[in-house]
Structures are given as structure tokens and as C-alpha cells.
Amino acid sequence: MGANQIVEALKERNEDFEWYPTTQEIVDRLAGHIFKKRTYGRGEYECDYSSVLDIGCGNGSFFEKLDRTEPQKFNETSDYGKMLRTRYGIEKSFELCERLPGDVVIIGSDFHEQTLIDKKVDLIFCNPPYSEFELWTKQIIMQGNCKAIALVIPCRWRMHPEITYALKKRGMKAESLGTFDFLNADRRARAKVDLLFITADDAEFDGRRYRKEANDPFDVWFDETFKISAEKEKVYEWERNEAKRQELVAHGDTAEMLVQFYNADMEKLYSNYRQLETLDADIFKELKVDVKNLKAGLKERISGLKHLYWDELFKKYDKITQRLTSKGRRKVIERLQDNTAIDFTLNNIFQLTLWLIRNSNTMFDEQITDYFYSLCNGETIHRYKSNLRWNDDDWRYIKDGFNGFHSQCERDEHRKKLKNIMLDYRIVVQAWSNFRDSWSREGMSDDCYDFLEDTYIIAENLGFSVGRILPKDKHGICVEDWRNFDVHLTDGSLFANIKLYKNGNRHVKFCKEFMQKLNVEMARINGWVQDKSEAATEMGMSAAEIERFWGSNQKIEITAGKQLLGLPA
């Protein structure tokens with residue numbers, strides 16, 4: 001869909017918040033500045049920016065154009081081709097968010113509801129609405145927690161004292177990389193703009209110039225918000241107490257209720273700090289209280305509040321996260337929380353959850369593949385009828401167990417070279433350990449616990465109703481004899497028998513239908529077969545069986561997902 005059609009769709013939804021996609025010319029100029037060619041080696045490009053936040057990211061066109069720049073093309077196959085690989089966005093329009101690439105994580109919606117001080121990235125980019133560019137520019141400069149800021153703003157920015165003030169407070173300088181227009185843009189406009197690149201200001205020492213660190217954005221925000229001049233020695237540690245969690249549970253689990261509690265707690269926190277403004281400075285001196293530690297204390301408490309409420313939200317929204325394996329859950333958490341702290345607003349909850357739903361289907365397929373390979377060993381693999389290569393010399397190391405590999409990760413990567421294979425329903429999983437104490441077999445290891453939990457999750461995603469009750473908790477407390485135990489479906493039929501051994505091996509005998517579904521879905525997801533007919537031929541199953549098993553890895557639709565999570569329409 002072209003830009004004009006998108007604009008019409010935005011207008012129909014009343015979401016045209018001055019969306020003017022950045023031109024390729026502007027992106028090329030920025031890329032030429034941040035990707036610098038080395039003067040040694042093989043002439044490769046290097047860049048100090050591995051993560052970027054686009055504020056007002058629209059449909060992600062900035063990232064797409066950045067990927068088309070010459071430095072990126074030059075390094076598609078090198079390590080430097082992974083620059084700016086971690087991508088975040090803030091966008092208010094739901095219409096545009098639905099068009100974002102899956103690798104862009106929305107960490108905020110309405111810019112006016114966001115704080116940037118705790119969203120740490122390498123580069124912030126913004127092409128703001130020009131009707132209020134001064135407000136946006138000042139806030140980004142004052143709060144941007146990053147190495148550099150790139151802004152596309154009207155040339156008259158020099159006439160606005162608030163922007164000059166913000167640069168001075170942060171100890172930063174603005175360099176214009178060029179002047180541009182939008183006469184030939186995806187969406188045409190008459191605006192004349194500068195591409196500003198903002199970094200910490202230089203300083204002179206002993207006759208030499210060097211790059212300083214910009215003033216901490218939290219310190220600037222604190223000084224602007226609270227007028228306290230005193231000293232403090234001790235940081236008051238924020239604890240997420242159980243009483244608060246019980247209070248949240250007692251008042252319901254809706255997103256609106258959580259946001260109300262969060263806003264009340266945040267207002268109370270700010271109010272308490274504002275009360276300090278009324279105290280005489282001599283009192284603080286007598287108590288040996290300094291502002292630096294007050295700032296650190298408030299920073300910890302704000303962070304603690306955000307984590308408390310996001311943690312509570314994810315507990316209540318477990319309809320999706322419970323369908324992710326241990327690796328998948330870790331991936332989601334790391335993706336959302338790595339170097340960022342998302343403001344707890346209803347819009348952000350909505351956008352974040354939609355991102356999770358949209359990307360969950362991809363993760364559901366990825367974890368099928370990961371789980372399948374985790375079951376592979378030389379004794380339980382069967383090749384497709386047309387596949388004569390899986391048991392060649394390259395496979396002998398895996399058949400021999402861990403011999404020849406320095407780590408399990410190395411062995412796992414070697415497994416993933418295998419193509420066009422099936423698994424028997426009788427499996428021997430080779431692992432390092434099943435027990436915390438391998439001699440006495442006391443307590444189940446975390447790795448073994450995750451394997452069992454992942455097995456139940458994969459089974460449920462494939463349509464098996466497993467009574468997901470592990471034979472112990474994750475802290476190693478035994479509740480039954482779980483060295484040799486059966487797992488039943490909720491209808492009472494046997495799903496699997498599992499035996500855990502002292503040497504780390506896990507012998508599993510699955511019901512045949514589970515392994516048939518896993519084999520068919522592995523083939524479909526990875527393109528080992530092109531259609532159902534080929535699957536039946538290659539895997540030796542009937543057409544009726546393939547029809548029943550094909551596409552059984554259950555997905556979540558956006559509309560159903562919103563209802564599932566209890567989000568407002």
C-alpha cells in the first residue's frame with residue numbers, strides 16, 4: 001500500500017498525527033555519518049550504535065530505508081551488518097503500528113505520556129510533528145538516555161530558546177548534517193528541515209579537544225522537577241512487598257485497574273519528594289543527606305514501580321506466555337526489557353500486547369523447531385524416503401554423544417544442520433544432568449525441569465490437553481517418585497512415560513500421535529515438504545493422517561487475543 005493510501009486509512013481512523021515518512025535522502029545522509037569506514041583492515045564499516053529508538057516510528061519506513069543504505073549493503077554478510085539490530089519504536093497510531101515489521105518492538109504509544117530517561121539505547125531518531133517540534137525536541141534532548149540523537153526538524157529550530165536551553169543543560173551540541181525538503185517525498189510537504197546530529201559537547205584540556213559525557217538525563221529531570229538542595233547519605237531501598245500484590249489481586253485484574261493503581265502510586269511517590277522542598281536545608285545538612293543519593297533513591301523507586309506492575313500484568317496475561325517454552329519466555333522478556341523501561345500506561349499495555357500476539361505465532365513455530373532438534377540423537381532419527389544424507393560422516397559425532405564437542409550449545413548447533421528427518425516416538429535425550437546432586441539423585445535440575453515443562457507446552461500447542469502438573473517444584477522439593485513416571489492427558493489416556501537417569505539421559509516414550517504431529521509440523525514449518533501430498537509420500541503416512549496433523553500448531557488471532565487478555569476494545 002502506498003503512502004497516499006495509508007494516509008487515507010489514517011484519516012478514516014482519525015489517526016493522522018502529521019505522519020510524513022523520512023525521505024531516503026535524509027536516511028542516507030544519516031547513515032553516511034554514523035557508519036564510518038575504517039582506515040585500516042579491509043575497508044569495512046563500523047558503527048557504535050547497536051540499538052535505536054525511533055520516536056514516532058510510523059510504519060517502520062525509517063528502518064527499512066536504513067537497511068537500504070550503502071554501508072548496510074556493503075556489510076550484509078559481515079559482523080558489521082548487524083548494526084542497529086535492536087529496534088524500538090514509539091507510535092500513537094494503531095493503523096501504523098499494525099504495519100510495523102516484527103523486529104520493531106513498540107515500547108510506547110503517545111509521546112506525551114512517555115519518559116525517556118530510563119529507556120537506554122545507543123541512538124534516538126525522531127522526525128516529529130512540526131506543529132509541536134519544539135516541545136518534542138526539548139523533551140528528547142533533556143531526557144534522551146543515549147549516545148546520540150538524530151532529529152529531522154524545521155530549520156527555524158535555532159530561533160527557539162527552549163532548545164538552546166535543553167542543549168546547555170545536557171552539555172550537548174547540535175550539528176547540522178544538511179538541509180532537506182519533502183517536495184519529492186512519499187508524502188509531499190513544503191517544509192524545509194535540518195538533519196541534526198546531537199552528541200555530548202567537546203571540552204578542551206591541556207590544549208587538546210576530547211568528547212565529554214553528556215549530563216545524566218535523570219539528574220537533569222530530577223533538578224527540573226524537584227527543587228531540593230541538600231545532602232543525603234543513605235539510599236532508601238524500594239521493596240516490592242507482598243501487601244501491594246495482594247491489594248492488586250483484591251481489586252481485580254483488568255488493565256485499567258492496574259494503571260489506576262500505578263498512577264496513584266507514582267503520584268504518591270512524587271508528592272513525597274515534593275514535600276522535601278519545604279524543609280530547611282540546615283535539616284538536611286544535620287542529617288547528612290545529599291541530593292545525589294536522593295536522586296538515586298527516586299530512580300530506584302520509579303524503576304521498582306514499573307517492574308512491579310509489568311510483572312503483575314504478565315502474570316495476569318499468562319494465556320500467551322504459558323504457551324511459550326522456557327527459551328521463548330526468556331526471549332520475550334529480554335526483548336522487552338533489555339535496556340528499556342516501558343511506561344505503564346493503558347496505551348502502552350495495548351500496543352505491547354498486540355506486538356506480543358503478532359509475534360507469538362512466529363515464536364510458536366520457532367519453538368517447535370528448537371524442541372524437535374533437542375530430541376535428536378543417532379538412534380531415534382529416521383530419514384525421509386528421498387533423503388540419503390543425514391547419516392553421513394558428519395553425523396558420527398552426534399551419534400557418539402558429547403564426544404568431539406566442547407559444549408552442549410556446539411552440539412545443538414551441529415544438530416540443526418540436519419534436514420528432511422523424522423523422529424521415532426521412543427526418544428533418548430542426552431543431557432548433562434537430571435538432578436541437582438547427581439550422586440544421590442536429590443532434587444531435579446533446572447534444565448530437566450525446563451525440558452519437562454517445554455514438553456507439556458509443545459504438546460498443548462499441538463492440541464493435546466496435558467495435565468500440566470510437574471512431579472516436583474523448581475526448587476527441588478520431591479512430591480512423588482519422579483525417576484520413572486507417566487504423564488496422562490486430561491481424559492486419562494497416556495501421553496508419555498519418562499525415565500530420568502543418573503548419567504543425564506532421559507528416556508521418553510511418547511504416544512505415537514504426538515510424534516506424528518511434531519514430525520508433520522516440523523516439515524511444514526521448515527519447508528522440508530511443499531504440500532500435504534509430498535508429506536504423505538516422504539513420511540509414510542496416510543493422506544487422512546496428514547490432513548489431521550497439518551497446521552495443528554495452534555495460533556492466536558489478534559481479535560481473539562485481545563479478548564483472551566481482557567483488553568478493552
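1. At what angle do helix α6 and α7 pack, and how far apart are their axes? In this model, which is predicted, helix α6 (residues 133-143) and α7 meet at an angle of about 5 degrees, and their axes lie 9 Å apart. Angles under 35 degrees count as roughly parallel, and α6 and α7 are therefore described as roughly parallel to each other.

2. The residues that make this contact can be followed along both helices. On the α6 side they are Phe133, Glu134, Thr137, Lys138, Ile141, Met142 and Gln143, and these meet Glu162, Ile163, Tyr165, Ala166, Leu167, Lys169 and Arg170 in α7. Sorted by class, the contact of α6 with α7 holds 7 nonpolar, 2 polar and 5 charged residues.

3. From α7 the contact takes Tyr165, Lys169 and Arg170, and from α8 it takes Pro217, Val220 and Glu224. The residues of this contact divide into 3 nonpolar, no polar and 3 charged. A careful reader may notice that Tyr165, Lys169 and Arg170 are named in the contact with α8 and are also among the α7 residues that meet α6.

4. Helix α8 deserves a point of its own. Its buried residues are Pro217, Phe218, Val220, Trp221 and Phe222, and of these Pro217 and Val220 take part in the contact with α7. At the start of α8, a side-chain oxygen of aspartate 216 comes to within 2.7 Å of the backbone nitrogen of phenylalanine 218.

5. Turning to the chain as a whole, the secondary structure comes to 22 helices and 19 strands, and of the 569 residues 50% count as buried. Among the contacts with a separation of 6 or more, residues 24 or more positions apart account for 72%.

6. Which residues have the most contacts inside the largest nonpolar core? This core has 65 residues, and the ones in question are Ile55, Ile140 and Phe344. Leaving out residues up to four places away in sequence, isoleucine 55 touches Ile90, Phe111, Leu116, Ile124, Phe125, Cys126, Asn127, Trp136 and Ile140. Apart from this core lies another, of 51 residues, among them Cys376, Tyr449, Ile498 and Ala536. In soluble globular proteins, nonpolar side chains tend to be buried together.

7. Isoleucine 124, one of the residues that isoleucine 55 touches, lies in strand β6 (residues 123-126). Is isoleucine 124 buried or exposed? Its relative accessibility is 0%, so isoleucine 124 counts as buried. When neighbours within four places in sequence are set aside, isoleucine 124 is in contact with Leu53, Ile55, Ile140, Gly144, Asn145, Cys146, Ala148, Ile149 and Ala150. The C-alpha atoms of isoleucine 124 and valine 52 are separated by 5.7 Å, although these residues are 72 residues apart along the chain.

8. Serine 445 sits in the loop between β16 (442-444) and α18 (446-461), and it counts as buried because its relative accessibility is 7%, where the cut-off for buried is under 20%. The side chain of serine 445 reaches the backbone oxygen of serine 433 at 3.4 Å and the backbone nitrogen of cysteine 448 at 3.2 Å. Not counting residues up to four places away in sequence, serine 445 touches Ser433, Asn434, Phe435 and Arg436.

9. Asparagine 420 is worth checking by eye, and its place is in the loop between α17 (408-415) and β13 (421-423). Most residues other than glycine have a negative phi, yet asparagine 420, which is not a glycine, has a positive phi of about 55 degrees. With a relative accessible area of 22%, asparagine 420 is partly exposed.

10. Asparagine 4 and arginine 188 are 184 residues apart in sequence, and their C-alpha atoms are 9.7 Å apart in space. For aspartate 265 and isoleucine 302, which are 37 residues apart in sequence, the distance from C-alpha to C-alpha is 9.7 Å.

Methods. Residues are numbered from 1 along each chain as its sequence is written. This is a predicted model: local features need pLDDT of at least 70, side-chain atom pairs count only at pLDDT 80 or more; totals for chains, interfaces and linings use all residues. Side-chain values use heavy atoms; hydrogens and water are left out. Contact means heavy atoms within 4.5 Å. Helices (H or I, at least four residues) and strands (E, at least two) are DSSP runs, numbered from the N terminus. Ala, Val, Leu, Ile, Met, Phe, Trp, Tyr, Cys and Pro count as nonpolar, Asp, Glu, Lys and Arg as charged, and the others, Gly among them, as polar. Buried means under 20% relative accessible area, exposed over 50%, partly exposed in between (1.4 Å probe, protein chains only). A polar contact is a pair of N or O atoms within 3.5 Å; within protein, one must be able to donate a hydrogen and the other to accept it, and residues adjacent in sequence count only if both atoms are side-chain atoms. A nonpolar core is a set of buried Ala, Val, Leu, Ile, Met, Phe, Trp, Tyr and Cys residues joined through side-chain atoms within 4.5 Å. Axes are lines fitted to C-alpha atoms, for helices over the stretch in contact, and angles run from 0 to 180 degrees between N-to-C directions. Angles under 35 degrees count as roughly parallel, over 145 as roughly antiparallel, 65 to 115 as roughly perpendicular and the rest as oblique.
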